[in-house]
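Open the structure and keep the sequence beside it. We will walk through it one part at a time.

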Amino acid sequence: MTLQISRASLQDWALVRAWAADEGWNPGVADAPAFFAQDPEGFFLGRIDGEPVSAISVVNYSDTYSFLGFYLVRPDLRGHGHGLATWRSALAHAGARTVGLDGVPDQQDNYRRSGFVPAYRTARYVGEVPVSDGAVAGVVPAEQVDQAVLAAYDDACRPAARPRFLRSWLTTPGHRALVRVADGRPTGYGVVRPAEQEARIGPLFADTPADAAALLDALAAEARAFGSERIAVDMPEANPAAARLAEERGLEPTFETARMYTGPVRPIAQDRVFGVTTLELG
């Protein structure tokens, strides 16, 4: 059985999404087009006799930064080295860039051996946020905000700009993107989307805990509109106000990951990051 590794297409990724769902990752139902918009060359499958057995993504954001995700091997073929072979082949796509990932606890020692260093932990908070009647003050649909201004806000919260991803993420059918506005400028924004289980919120970026709370409440209401009473949001430990907000809204931590990097990344406005966009693409 010879493993052959090649780039995956958007159509191929439907299978990988199903694998992720089987692992309990709760992927969004329509994430893939935005993922591929950022770097369509960054998705890989390992095949044996034409059948997919392993997957990984290594998405380049800039000349200095890349992010690794979707590291999966079909359960019945684990333990044969297919995952490691796929990993090594795909990492070449990152070149000399710093690579980030969000690693589950039982894989973190393996990632350390590959040169990844922990930066902070992230916990997924899940639950039902009480929704009050009426609109949340100061929160508007993203299409009412200058997209260049919103992209600049996003850029300050990330290790690298992601304009292609962002354009797609904000407009993907089913995604609801909201912005908190004060004095004519954004003070935060967030996106909620349908997923296999709870609706997923990400990103959730905000100037203050009050801005984040307003957005979280409004996004929870949007989730109700497409039939989900429960939400899930991945909150970084590096911003303690995020966990406090989750607890105030009755959300409970389920599992954790660690953000890890192979090298330096540019400083970001970590105190604005109340929820990461996705664990798969950072």
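**Around helix 8**

Helix 8 is followed by Gly250, whose phi is positive, near 80°. Helices here (H or I, at least four residues) and strands (E, at least two) are DSSP runs, numbered from the N terminus. This is a predicted model, in which local features need pLDDT of at least 70, side-chain atom pairs count only at pLDDT 80 or more, and totals for chains, interfaces and linings use all residues. Residues are numbered from 1 along each chain as its sequence is written, and side-chain values use heavy atoms, with hydrogens and water left out.

Now look at helix 8 itself, residues 240–248. Ala241, Ala242, Leu245 and Ala246 are buried there (under 20% relative accessible area; exposed is over 50%, partly exposed in between, with a 1.4 Å probe and protein chains only). Viewed down the axis of helix 8, the buried residues fall within an arc of 140°, so they line one face of the helix. That arc is taken from the directions from the helix axis to the C-beta atoms. Why can such a face form? An α-helix has 3.6 residues a turn, so residues three or four places apart point the same way.

Glu247 and Glu248 sit on the other side of helix 8, and they are exposed. What covers the buried residues? The cover includes strand 6 (117–127), helix 7 (209–225), strand 11 (231–236) and strand 13 (273–275).

**Rings**

Next, find the aromatic rings. Rings of Phe, Tyr and Trp (its six-membered ring) pair if their centres lie within 6.5 Å; planes under 30 degrees apart count as stacked, over 60 as edge-to-face and the rest as tilted. The count comes to 14 aromatic pairs. Tyr71 and Trp87 have ring centres 5.0 Å apart and planes at 55°, so this pair is tilted. Tyr71 lies in strand 4 and Trp87 in helix 3, so the pair ties together parts that are 16 residues apart in sequence. Tyr71 is partly exposed, at 24% relative accessible area, whereas Trp87 is buried, at 5%.

One aromatic cluster is formed by Trp13, Phe35, Phe36, Phe43, Phe70, Phe165 and Trp169.

**Asp102**

Finish in strand 5 (residues 98–103), where Asp102 is placed. Asp102 counts as buried, at 12% relative accessibility. Its side chain and that of Arg259 are joined by a polar contact of 2.8 Å (a pair of N or O atoms within 3.5 Å; within protein, one must be able to donate a hydrogen and the other to accept it, and residues adjacent in sequence count only if both atoms are side-chain atoms). Asp102 and Leu279 are 177 residues apart in sequence, yet 5.8 Å apart in space, C-alpha to C-alpha.

Key: Contact = heavy atoms within 4.5 Å.
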